[in-house]
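Visitor: I would like a close look at one part of this model, the helix packing, together with the pocket beside it. Please start from the overall layout and then work through the contacts.

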Amino acid sequence: MEECMNFNMRKANRVLNKLYDGYLQSCGLNGGQFTVLRIVNRMKTTTNSELQEVMLIDQTTLSRNLKPLIRDGFIEVRPGKDLRVKILSLTPAGKQLYIDGRKCWQKAQKNVRQRLGEKSTEQIIAASMLVAGLMS
């Protein structure tokens, strides 16, 4: 029977999510929230639609990760020129949470890389980038 790439990628993704969430939990974050902080930190200011495009996720998933970060004062929301557009940026508390979260994330990265080995890690990253490129 032919292996299903979708099933295997989803299963591997669930394992990675649990591993990273375990490390990020001590910072009060999950992997999705940390990813949002990381991207907003890198972009300085962005919009919901830009985040969706970069993360390749739908609005519902993005909202699920954004809401607690906005509610708790880590991400500031300002109106854009078009009222449908919201400008997002990190608050000072959000920048600090990102710095703290990055330390937890680095521990998760180190653990996963050690367990998989550098060659497998690089192959998995390359393969996942190829798969993500299918959306183009």
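In what order do the elements of the protein chain run from the N terminus on?

Guide: This is a predicted model. From the N terminus, the order of elements in the protein chain is α-α-β-α-α-β-β-α-α. That gives six helices and three strands. Along the principal axes, the C-alpha trace spans about 50 × 35 × 20 Å.

Two packed helices are described by the angle between their axes and the distance between the axes.

Helix α2 covers residues 31-43 and helix α5 covers residues 92-116. Their axes lie 10 Å apart, and the packing angle is about 120°. The crossing of α2 past α5 is left-handed. On the α2 side the contact is made by F34, L37, R38 and N41, and on the α5 side by G94, L97, Y98, G101, R102 and W105. Sorted by class, this contact of α2 with α5 has five nonpolar, three polar and two charged residues.

The second pair also involves α2. Helix α3, residues 48-55, packs with α2 at an angle of about 115°, with the two axes 11 Å apart. This makes α2 roughly perpendicular to α3. The crossing of α2 and α3 is right-handed. From α2, the residues G32, T35, V36, I39, V40 and M43 meet E50, L51, V54 and M55 of α3. The contact of α2 with α3 has seven nonpolar, two polar and one charged residues.

The axes of α1 and α5 come within 8 Å and cross at roughly 140°. At that angle α1 is oblique to α5, because the antiparallel class applies to angles over 145 degrees. The crossing of α1 and α5 is right-handed. L16, L19, Y20, Y23 and L24 of α1 make the contact with G101, C104, W105, K107, A108, Q109, N111, V112 and R115 of α5. By class, the contact of α1 with α5 divides into nine nonpolar, three polar and two charged residues. Within α5, G101 and W105 belong to the contact with α2, and G101 and W105 also belong to the contact with α1.

The helices also line the largest pocket. About 2600 Å³ of space lies in the largest pocket. Its lining has 50 residues, and M9, N13, L16, N17 and S128 lie nearest the centre. Helices α1 (5-24), α2, α3, α4 (59-71), α5 and α6 (118-132) each supply at least two residues of this lining. The largest share, 15 residues, comes from α1. One of the residues nearest the pocket centre is L16, and L16 is also part of the contact of α1 with α5. By class, the lining of the largest pocket holds 27 nonpolar, 15 polar and eight charged residues.

Terms used: Residues numbered from 1 in each chain as written. Predicted model: local features only at pLDDT ≥ 70, side-chain atom pairs only at ≥ 80, totals over all residues. Heavy atoms only, no water. Axes fitted to C-alpha atoms, helices over the stretch in contact; angles between N-to-C directions. Helix = DSSP H or I, 4+ residues; strand = E, 2+ residues; numbered from the N terminus. Left-handed = near helix turned anticlockwise from the far one by under 90°. Contact = heavy atoms within 4.5 Å. Nonpolar A, V, L, I, M, F, W, Y, C, P; charged D, E, K, R; others polar. Parallel < 35°, antiparallel > 145°, perpendicular 65-115°, else oblique. 1 Å grid on protein atoms, 1.4 Å probe; cavity = no way out; pocket = protein on both sides within 12 Å on 5 of 7 lines; lining within 4 Å. Points joined across faces, edges and corners; volume = space filled by probe spheres on them.
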